[in-house]
Amino acid sequence: MSWGQDQQNGATFAHHRGCFSTSQWPPTDQAAAFDRHALACVFYLAFEEAEAGKATATEATGLSRANLRDVMTRYFPAVPVNAFALEKLTDPEPDMEEGLLRGLLIGHARPGDPASTLFAKIIARRSLRNDHLWQDLGLFNRAELSRLMARHFPALAAGNTKNMKWKKYFYRKLCEAEGFSLCTAPSCQECRDFESCFGPEEGESHLARIKNGFALD
């Protein structure tokens, strides 16, 4: 089954995302509802990228076939697992950069929470894209990304006291772990590139672009 022939599955993810935006989730477990919302955002982008021939589901999400099967069964039971044509996919092979990002995130993931490990893989893969990380995850805005980080990587999120852009912050932490500085300036306030690290992360979400008829870059 091709992605283009299964638009109903993409609509299911969009429905989940829309329910969250209008506060229609059951109030019994807001944390789980937010996780499902974040996953719906990512998976909707994955459908769009796969349909456009830009990436497979495993390539777009950084998740293995087993991970994808588990996520679909747990969070999106209305979407048939065979819609992903898992037997035709290969598990992603992280390169060195993605592996370092994965290691950073998994090392700070909530203990005993499988969802945190899933998000570590997803965030590491989507961090390699070119836009703001919240956009590359399909989220509404940066605030949602900050909420996701605080929920699943609390210690790592707590260290971002200056509200540094998340991609910049990840690489800064990786550099610190290796014992060197990412920036030659004595302090962030004296750095000529201050705004590239701390400026506002504004813009239109990728899903809004899709809705308005613009193709993904």
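How many residues does α2 have, and what distance does α2 reach from its first C-alpha to its last? In this predicted model, α2 has 22 residues and reaches 31 Å, close to the 32 Å expected at 1.5 Å a residue.

**Helix α2**
- Of the 22 residues in α2, 16 are buried, so this helix is largely enclosed by the rest of the structure.
- After α2 comes G53, which has a positive phi, near 75°.

**The nonpolar core**
- The largest nonpolar core holds 43 residues, and the ones touching the most other members are L105, I123, M149, F153 and F170.
- Several helices each supply at least two residues of this core, among them α2 (30–51), α5 (96–107), α6 (114–126), α8 (142–152) and α10 (166–178).
- Leaving aside residues up to four places away in sequence, F153 touches L105, H108, A109, S116, F119, A120, I123 and L148.

- N67, L68, V71, M72 and Y75 are the buried residues to look for in α4.
- Viewed down the axis of α4, its buried residues fall within an arc of 130°, so they line one face of the helix.
- Turn to the other side of α4 and you will find D70, T73 and R74, which are exposed.

**Aromatic rings**
- The whole structure contains 4 aromatic pairs.
- One of them joins Y75 and F76: the ring centres are 6.5 Å apart and the planes lie at 45°, so the pair is tilted.
- Y75 has a relative accessible area of 8% and is buried; F76, at 1%, is buried too.
- W166 and F170 also make a tilted aromatic pair, with 6.2 Å from centre to centre and 45° between the planes.
- Helix α10 holds both W166 and F170, 4 residues apart, which is about one turn of the helix.
- W166 and F170 are both buried.

**Cysteines**
- C41 has 0% relative accessibility and counts as buried.
- C175 is buried as well, with a relative accessible area of 9%.
- A disulfide is a covalent bond between the sulfur atoms of two cysteines.
- With sulfur atoms required to lie within 2.5 Å of each other, the count in this model comes to 0 disulfides.

Terms used:
Residues numbered from 1 in each chain as written. Predicted model: local features only at pLDDT ≥ 70, side-chain atom pairs only at ≥ 80, totals over all residues. Heavy atoms only, no water. Core = buried A, V, L, I, M, F, W, Y, C linked by side-chain atoms within 4.5 Å. Buried < 20%, exposed > 50% of the residue type's maximum accessible area, 1.4 Å probe, protein only. Contact = heavy atoms within 4.5 Å. Arc of directions from axis to C-beta. Expected span 1.5 Å × (residues − 1). Phe/Tyr/Trp six-rings, centres within 6.5 Å; stacked < 30°, edge-to-face > 60°.
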